Amino acid sequence: MPISHATPLPAIGPHRLTSRAILAPMAGVTDRPFRALCRRLGAGLVVGEMVTSDPSLWHTRKSRLRMDHRGEPGPRSVQIAGGDAAMLAEAARLNAERGAEIIDINMGCPAKKVCNKAAGSALLRDEALVAEILEAVVAAVDIPVTLKIRTGWCAESNNGLRVARLAEAAGIQALAVHGRHRQQRYQGQAEYDTIAEIKSRVSIPVFANGDIDSAAKAARVLDYTGADAVMVGRGAQGNPWLFREIDHYLAHGQEIAPPSATERHRLLGEHLGALHDFYGEVMGVRIARKHLGWYLERHEPNDAKSLKAVFNRLETPGAQHHFVNELFGLEGLPSAANGTSAA
């Protein structure tokens, strides 16, 4: 059944979502600055970057930054990944002690370095281990536990529904389903029939994930699957305004005006500043290149390649801010991007 406007927003345990658009966990993307930006722009829940379940690795700079949720409003959702039930349970317990309010278990990541360790979507090949992990993690904490999966390991083993039933039986309180099996990685188009079947057969909230790149697409997927919310991943890269657009479309049935140049300029500057502050000058400059590159691909497609080449050579926060000002016509044009026009 399609979601109606009268249907209450989904809840994860005691936490009622503020919208039906959720920011998916993405390693190297959903850091604290990006989570804050997406939440400001309407995301009903934001999920942190995947953290290894091995606490002995948490001393690394990468893990410390991924686990940094200081100043964030709740609910704070932390995703953990691994293949050992006892280690995952301990990781969940330790993260709860550090302030996590939701634990999300990753069984959807298709990356080889994750799957080669029998973690991520590789777990879908062993349903007995899936059940053991889910039961152990749920028993280890008194906060809600959620799960993210794919439809299966490959086209011949589309076992998403069986895994969903195991999740519900274990006490998982919400399930996100990416509409591809692992061997597809991110190729081809996501399919939503499996998500619709899962939603019709379990009573916990189900979030539809995969290829949600517009407000109209989000509405169609919700109608088709009956899912309680959509989970947006790559569609938000360079376009955090998508959450606001989805909220408006679901409420009014029509698209909201795109962000003005003034707003885009302001938010880009704020995002750069937040990255520089969070990571420090050297690392912040490097990570800003990735986010600005996604923005340019979406909003300056004709000139993205040349503009990215200029931006990627900049070495200081001041130079990056100057570039953004130039891009919006406040200080001329980026010097090496001949023939471009201001945003």
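Author: Nine strands make up an open sheet with parallel pairing, in the order β4-β3-β11-β10-β9-β8-β7-β6-β5. Two strands pair if DSSP finds at least two bridges between them. Helices (H or I, at least four residues) and strands (E, at least two) are DSSP runs, numbered from the N terminus. This is a predicted model, in which local features need pLDDT of at least 70 and side-chain atom pairs count only at pLDDT 80 or more, while totals for chains, interfaces and linings use all residues. Residues are numbered from 1 along each chain as its sequence is written, and side-chain values use heavy atoms, with hydrogens and water left out.

Reader: Which residue in β8 does Asp-104 stand opposite?

Author: Strand β7 (residues 102–107) runs parallel to strand β8 (residues 145–150), and five bridges join them. Opposite Asp-104 stands Thr-146.

Reader: Is α3 roughly parallel or roughly antiparallel to α5?

Author: Helix α3 (residues 85–97) packs with helix α5 (residues 127–140) at an angle of about 30 degrees, their axes 8 Å apart. Axes are lines fitted to C-alpha atoms, for helices over the stretch in contact, and angles run from 0 to 180 degrees between N-to-C directions. Angles under 35 degrees count as roughly parallel, over 145 as roughly antiparallel, 65 to 115 as roughly perpendicular and the rest as oblique. That makes α3, relative to α5, roughly parallel.

Reader: Which residues in α5 do those of α3 meet?

Author: Contact means heavy atoms within 4.5 Å. From α3 come Ala-85, Leu-88, Ala-89, Ala-92 and Arg-93. In α5 they meet Glu-132, Ile-133, Ala-136, Val-137 and Ala-140.

Reader: Is Asn-95 buried or exposed?

Author: Asn-95 is found in helix α3. Residues in contact with Asn-95, not counting those up to four places away in sequence, include Trp-58, Met-67 and Ile-103. The relative accessibility of Asn-95 is 4%, so this residue counts as buried (under 20% relative accessible area; exposed is over 50%, partly exposed in between; 1.4 Å probe, protein chains only).

Reader: Which helices do the buried residues of α13 pack against?

Author: In helix α13 (residues 317–327), the buried residues are Pro-317, Gln-320, Phe-323, Val-324, Glu-326 and Leu-327. They pack against α10 (261–279), α11 (281–299) and α12 (304–311).
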